[in-house]
Amino acid sequence: MPSRECSTTETKGTEVTDLLFEQGPIRPPSEAQSLLLRLTRNCPWNRCEFCHTYKDQTFSLRTVEEVKKDIDAISEIVQQLKALSWRVGEGGEITANLVQFVLQNPRGYPDTFRSISLWLYAGGKNVFLQDANSLVLKTDQVVDVLTTLRGTFPFVERITTYARSKTISKKSVEELGSLHRAGLSRIHIGLETGYDPLLELVQKGVTAEEHITAGRRVKESGISLSEYVVLGLGGKKMWREHAVETARVLSQINPDFIRVRTLKVLKTMPLYEKIARKEFILLSDDEVVVEEKLLIERLEGIHSRFVSDHILNLLEEVEGKLPEDKAKMLAIIDQYLALSEEEKENFRLGRRAGIYRFLSHLENPELHSEVEKAIKRIRKETPEGVETVISELMSSFI
Ligand code: SF4
């Protein structure tokens with residue numbers, strides 16, 4: 001811990017409390033250590049029935065000038081943090097001690113200082129452009145922001161963003177190429193499903209064909225592509241078609257990454273009303289695993305990395321490079337499906353309670369007995385309570 005105190009009034013006479021910039025609410029799990037730079041506010045579509053992130057929030061564009069002011073503020077914060085590091089004896093480096101000092105300083109640093117210190121401590125190499133669809137801005141505006149960003153922080157190596165397939169399908173490969181040359185490294189797309197009736201049911205506002213066009217254009221432009229799939233989205237009626245058609249669409253795109261995230265419906269999501277009216281019936285955990293198995297089986301001729309990096313997913317270790325790891329991923333799924341009902345319940349609760357991460361953790365007698373005791377306790381209070389507890393734990397992850 002640095003021993004010397006410092007003033008909150010810094011080098012250029014700028015009060016730290018004046019150094020503010022905007023940040024939106026979410027980023028992909030893989031961008032946990034990225035700087036979040038907000039290009040637009042909220043989601044211009046905002047109708048997907050399984051999503052509540054921006055509900056009741058109005059979409060707005062930010063001007064390039066506004067974003068550049070944020071970049072200037074971030075740059076000033078970086079300078080002030082380095083100066084602070086010298087003053088407290090950390091040699092100008094953003095060390096664990098310095099981060100701790102900023103986080104715990106009783107005089108108080110605003111959240112912006114905390115997030116920039118954490119970003120720099122993580123290496124300061126990655127930036128994520130927020131919010132839900134940055135490419136809704138004109139291409140030359142995004143190029144302008146990217147150029148300024150890279151000019152200001154030459155040490156940044158990766159710049160990524162979310163974008164909708166609908167928006168990308170209206171951009172040419174040349175436009176996307178100019179974004180790539182300006183520094184955009186990766187686009188995260190919420191594919192969700194490749195089955196048209198399901199895309200319509202959940203109001204995704206895009207067709208499977210548009211997903212394919214957009215995905216292929218991103219790939220052709222040289223930008224890395226990450227496609228998100230919602231496991232369980234087909235429900236009891238469409239799970240098979242969801243798996244088969246999603247695999248078909250992904251196989252035509254050949255994205256760099258396929259990332260899965262399991263459906264969890266909260267009351268604040270429009271899909272909840274369909275569930276209440278019995279128009280949509282949720283799959284059980286085991287059925288979701290069977291659906292995931294079919295999806296993986298049907299992925300053909302691609303070289304994507306399959307990633308399960310969301311805490312909502314039951315089987316985190318179903319990950320690997322296609323096609324070489326396909327058999328290994330399917331074997332993990334079969335291993336889970338072969339468990340007794342009692343062991344499945346033990347794993348499901350333990351995984352969601354954060355006691356287990358992998359199936360192999362079931363073999364740890366201490367952890368196993370901890371979950372067993374929890375199940376007995378829950379059953380004593382409510383015979384059917386285990387499912388409720390699992391559902392509540394999953395809700396807390398969103
Ligand atoms: S496009 Fe993305 S952020 Fe917007 S409503 Fe759909 S899932 Fe949510």
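**Helix α3 first.** I started with α3, whose buried residues pack against β1 (35-38), α1, α2 (96-104) and β4. By contact I mean heavy atoms within 4.5 Å. Helices (H or I, at least four residues) and strands (E, at least two) are DSSP runs, numbered from the N terminus. Buried is under 20% relative accessible area, exposed is over 50%, and partly exposed is in between (1.4 Å probe, protein chains only).

**Ground rules.** I am looking at a predicted model: local features need pLDDT of at least 70, side-chain atom pairs count only at pLDDT 80 or more, and totals for chains, interfaces and linings use all residues. Residues are numbered from 1 along each chain as its sequence is written, and side-chain values use heavy atoms, with hydrogens and water left out.

**Back to α3.** Which residues of α3 (residues 111-121) are buried? I listed Thr 112, Phe 113, Ile 116, Ser 117, Trp 119 and Leu 120. They cover an arc of only 160° around the axis, so they sit on the same side of α3. The arc is that of the directions from the helix axis to the C-beta atoms. Just after α3, I found Gly 123 with a positive phi of about 120°.

**Cores.** Next I looked up the nonpolar cores, meaning sets of buried Ala, Val, Leu, Ile, Met, Phe, Trp, Tyr and Cys residues joined through side-chain atoms within 4.5 Å. The largest has 93 residues, and Leu 37, Ile 116 and Trp 119 have the most contacts inside it. Helix α1 (residues 64-87) gives the most to this core, with nine residues. Apart from it lies another core of 14 residues, including Val 230, Leu 233, Val 265 and Phe 280.

I then checked what Trp 119 touches, leaving aside neighbours within four places in sequence. Among its contacts are Gln 33, Leu 35, Ile 74, Val 78, Asn 126, Phe 153 and Phe 155.

**Cysteines.** How many disulfides does the structure hold? I got zero, a disulfide being a pair of cysteine sulfur atoms within 2.5 Å. Cys 43 is buried at a relative accessible area of 13%, and Cys 48 is buried at 8%.

I noted two cis peptide bonds. One runs from Gln 130 to Asp 131, with omega near -5°; Asp 131 is in the loop between β4 (126-130) and α4 (139-152). Another joins Leu 322 and Pro 323, with omega about 5°, and Pro 323 is in the loop between β10 (320-321) and α12 (326-337).

Asn 46, in the loop between β2 (40-41) and β3 (60-61), has phi near 55°. Gln 203 has a phi of about 55° and lies in the loop between α7 (196-201) and α8 (208-221). At 34% relative accessibility, Gln 203 is partly exposed.

**Whole chain.** I counted 15 helices and ten strands. The radius of gyration is 23 Å, close to the 21 Å from the globule rule for 398 residues, so the chain is as compact as a globular protein of that length. That radius is taken over C-alpha atoms, and the rule is 2.2 Å times the number of residues to the power 0.38. Buried residues make up 53% of the 398. Of the contacts between residues at least 6 apart in sequence, 75% join residues at least 24 apart.
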